[in-house]
Amino acid sequence: MNAIDNESLLWQVTQFIWHEAAILDAKEYDAWLDLWQPEGLYIIPIEDADDYAAVLNLCYDDDKMRRDRIKRFQDGFSISSAPPAVTVRTLSRFVIDAVDGNTVVVSCAEHLIEDKFGRQRIWAANVRYTLTSSDTGFRLQEKVVRLLNSDGVLNSFSYLF
């Protein structure tokens, strides 16, 4: 891949990730679910490991678990989602880590500000996306959110990272 192709791909994946962030801040969870490949995984690990299935995670969501989590948010059956927090997230430092056929692995930094009950909390994370491309655009194959304090004291959160 030449430099022009690489810059174009970086711009395309950045646009996709910014779009996902806007969907999440707007709480458009059905639209977020539509971004996923059915076999995709949404993971928030606690420890620094590569085999997430073999360790404890804050989230290790397949399609069913993603849908169950969204249903709890939307139906208000989760104590952590009543009332829902308002979020604003910023993503930066985009780097393409690998390209293999129609699969692109990209990493970035995320800052998420949560406002709930008149107080604000700030979360920081390194995020790795595995995206698959098709004629209709990108789809999420895997999203790994490495919170900087994932092994510390975490209060409940009523949103997705």
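A salt bridge is taken here as a side-chain nitrogen of Lys or Arg within 4 Å of a carboxyl oxygen of Asp or Glu. The structure is a predicted model, in which local features need pLDDT of at least 70 and side-chain atom pairs count only at pLDDT 80 or more, while totals for chains, interfaces and linings use all residues. Residues are numbered from 1 along each chain as its sequence is written, and side-chain values use heavy atoms, with hydrogens and water left out.

The structure holds 12 salt bridges, and one of them is formed by Arg 146 and Asp 48, whose closest N and O atoms are 3.1 Å apart. This pair links distant parts of the chain, since Arg 146 belongs to strand S6 and Asp 48 to the loop between strand S1 (36–45) and strand S2 (57–61), 98 residues apart; helices (H or I, at least four residues) and strands (E, at least two) are DSSP runs, numbered from the N terminus. Arg 146 is partly exposed because its relative accessible area is 23%, whereas Asp 48, at 69%, is exposed; with a 1.4 Å probe and protein chains only, buried means under 20% relative accessible area, exposed over 50%, and partly exposed in between.

Another salt bridge joins the side chains of Glu 20 and Lys 143 at 2.8 Å, N to O. This pair, too, links distant parts of the chain, with Glu 20 in helix H1 (residues 3–25) and Lys 143 in strand S6 (residues 137–147), 123 residues apart. Glu 20 is buried, with a relative accessible area of 1%, and Lys 143 is buried with a value of 1%.

Within helix H3, Asp 63 and Arg 67 lie 4 residues apart, about one turn of the helix, and their side chains meet in a salt bridge of 3.2 Å, N to O. Asp 63 counts as partly exposed at 23% relative accessibility, and Arg 67 counts as partly exposed at 39%.

Helix H3 (residues 63–75) also holds Asp 68, which is partly exposed with a relative accessible area of 28%. The side chain of Asp 68 is joined to that of Lys 64 by a polar contact of 2.6 Å, a polar contact being a pair of N or O atoms within 3.5 Å in which, within protein, one must be able to donate a hydrogen and the other to accept it, and residues adjacent in sequence count only if both atoms are side-chain atoms.

Strand S5 (residues 119–134) contains Thr 132, which counts as buried at 11% relative accessibility and whose side chain makes a polar contact of 2.6 Å with the side chain of Gln 37.
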